[in-house]
Amino acid sequence: MKRENNSGSISSEDSGFFEEEANVDSDDDSNYVEGGNTDANVFSRENWSTVFLREEEVSQLQEDDIAGVSALLSIARSAACFLLCHFSWNVNKLQEEWFSDEDKVRETAGFLNKPVFLHQVGSVNCGICFEDYDCSYDQSADGAIISAACGHPFCKDCWTGYISTSINDGPGCLMLRCPEPSCSAAVDRDLIRNVLKNQHDHEIERYKRYLLRSYVEKHKQMKWCPAPDCQYAIKVFDEDLTGNGNCYDVSCICSNSFCWNCVEEVHSPVECNTVGKWILKNKDDSQNAQWIVVNTKPCPKCKTPIEKNNGCNHMRCSLPCGHHFCWLCLGPLGCKCNSFQRAANQNAKKEESQSERERKRLKMSLERYNHYYVRWANNQASKKKAIESLHMAQTVHIVKLASRSEPSLTQINDFEFIIQAWKQIIECRLVIKWTYAYGYYIPEEKKYDKKRQLFEYLQRQAEHSLERLHKCAETELKEYVQDWTPLEKFPEFRLRLIQLTNVTGTYFKKLVTALENGLSEVETS
């Protein structure tokens, strides 16, 4: 890695970090294998053994767990389902707790061995609407009295309203309890289906969906793909890696990649906690408050923040205040703020108000944040555009090139190097994007100046390398897609694009490693 010398400039004692870059324009291509190492996902931090599961496959795994627990504990499947929800779908923990103290598990989960409320056969009063019902009715009838294991009687209409409201309120319905305030008896899925069947199919489907999603969300080795409209869950088989809090990148079958630990997009080289802070900061209303402080001045009379939107310095506060004042000095109209008074200016510097110093500090802070955010957002937009360009290359450009090429180069697979180049660009745009969040959180203390200078140098070189690759894949490729452009020099373009792809990938891989190690080559003292 190139290092900084004591004066703060970059020295070249160890120029190996970027030595591959110089080879791109060299005539010697002996170091490049045709096709080369064009694996675009060079920043993946672990290669796991994974399997992709559709919703119906996840549902089958869930039912297998329920059936296994039901058989082992000799309880109904609906009871097994509720118990598994209670234990966050941890089968081993449920079994251990059950065989250690079954009564305690039953009491905690709300599964009673016998009712706590007994009602007589005949007329029964509903505990919610206080209407009298004949409890001899079949429970599927509209006028039926229905009870959970506790025995508290409620009519079917009241049960329907209670359960439907709970389901519409969210996943809390999975741990629903008896409507009696003092009772903690469980309301299992059989009771819910019995109450809602025939007339409330929408609520039943929503309940099933909550149940399915909870199975994945509580599973340490399984996660839903966070991509919009993706219905796949991803299961990994190395349990030791899933609970240590480290960053591991996973790619779904839908082509979306994300961090297993925080389920945000892949964010090399920054850590998950930095990503969380950065995203929260981008949403934080405090940035609006800072903007108000920096870009407005308070009315001298009512102190309301005022933004100057015209060229005239004669300001008038809005009604009901209506105060007239000078924008420059906040004094009354007719002031002489154009006159420079040295003594007064010196006294003003000495007596600069606390609010003015705070305003300047906030202005500097806001400008610094905007610097990093604008570049972060710009690379996000460039990444989205690169994804569109990749799709265009796959569906239009390669097909057109194949139709124009010689018989020896007519297979779509012969143009795979174009696809790999665009995948590399997308990966690199993502890395460059997150380097700006990395840079924002480098402390501003003087002892970190050398580290900041080295980081900015490496970042600048990385952007330069990426822009060369992006230009080659975007601009130069378009020339050969045109019908009137001869293809004599296409093999040279092909080799150059492969070289740039390989060099940029290697470059960025080393950059990510260096930043993840905290630029340890530089001492902060």
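I have V263 down as partly exposed because its relative accessible area is 29%; buried means under 20%, exposed over 50% and partly exposed in between, using a 1.4 Å probe and protein chains only.

**Ground rules.** This is a predicted model, so I noted that local features need pLDDT of at least 70, that side-chain atom pairs count only at pLDDT 80 or more, and that totals for chains, interfaces and linings use all residues. Residues are numbered from 1 along each chain as its sequence is written, and side-chain values use heavy atoms, with hydrogens and water left out.

**Overview.** I counted 14 helices and 13 strands in the protein; these are DSSP runs numbered from the N terminus, helices being H or I with at least four residues and strands E with at least two. Of the 525 residues, 43% are buried. I also looked at contacts (heavy atoms within 4.5 Å). Taking those between residues at least 6 apart in sequence, 62% join residues at least 24 apart. The protein exposes about 29100 Å², with carbon and sulfur atoms supplying 47% of that; the areas come from the Shrake-Rupley method with a 1.4 Å probe, and for residues only the protein chains shown count as cover.

The bond joining S268 and P269 is a cis peptide, omega about 10°. I found a cis bond from L319 to P320 too, with omega near 15°. P320 is in the loop between β12 and β13 (324-326).

**Helix α2.** Is α2 mostly covered or mostly uncovered? Covered: eight of the ten residues in α2 (residues 77-86) are buried. Among them I listed F82, L83 and L84. Their cover includes α1, α3, α4 (102-109), α6 (189-196) and α7 (201-217). After α2 comes S88, with a positive phi near 55°. S88 lies in the loop between α2 and α3, and I call S88 partly exposed because its relative accessible area is 31%.

**α1 on α3.** I put α1 (residues 55-73) and α3 (residues 91-100) at an angle of about 15°, axes 11 Å apart. Axes are lines fitted to C-alpha atoms, for helices over the stretch in contact, and angles run from 0 to 180 degrees between N-to-C directions. That makes α1 roughly parallel to α3; under 35 degrees is roughly parallel, over 145 roughly antiparallel, 65 to 115 roughly perpendicular and the rest oblique. On the α1 side I noted D65, V69, L72 and L73, which meet V91, L94, Q95, W98 and F99 in α3. By class, the residues of this contact are seven nonpolar, one polar and one charged. Ala, Val, Leu, Ile, Met, Phe, Trp, Tyr, Cys and Pro count as nonpolar, Asp, Glu, Lys and Arg as charged, and the others, Gly among them, as polar.

**α13 on α14.** Here I got an angle of about 155° between α13 (residues 449-481) and α14 (residues 490-516), with axes 10 Å apart. The two helices are therefore roughly antiparallel. Their contact has 17 nonpolar, four polar and three charged residues.

E456 lies in α13 and, at 32% relative accessibility, counts as partly exposed. I found its C-alpha 9.6 Å from that of Y436, 20 residues away in sequence.
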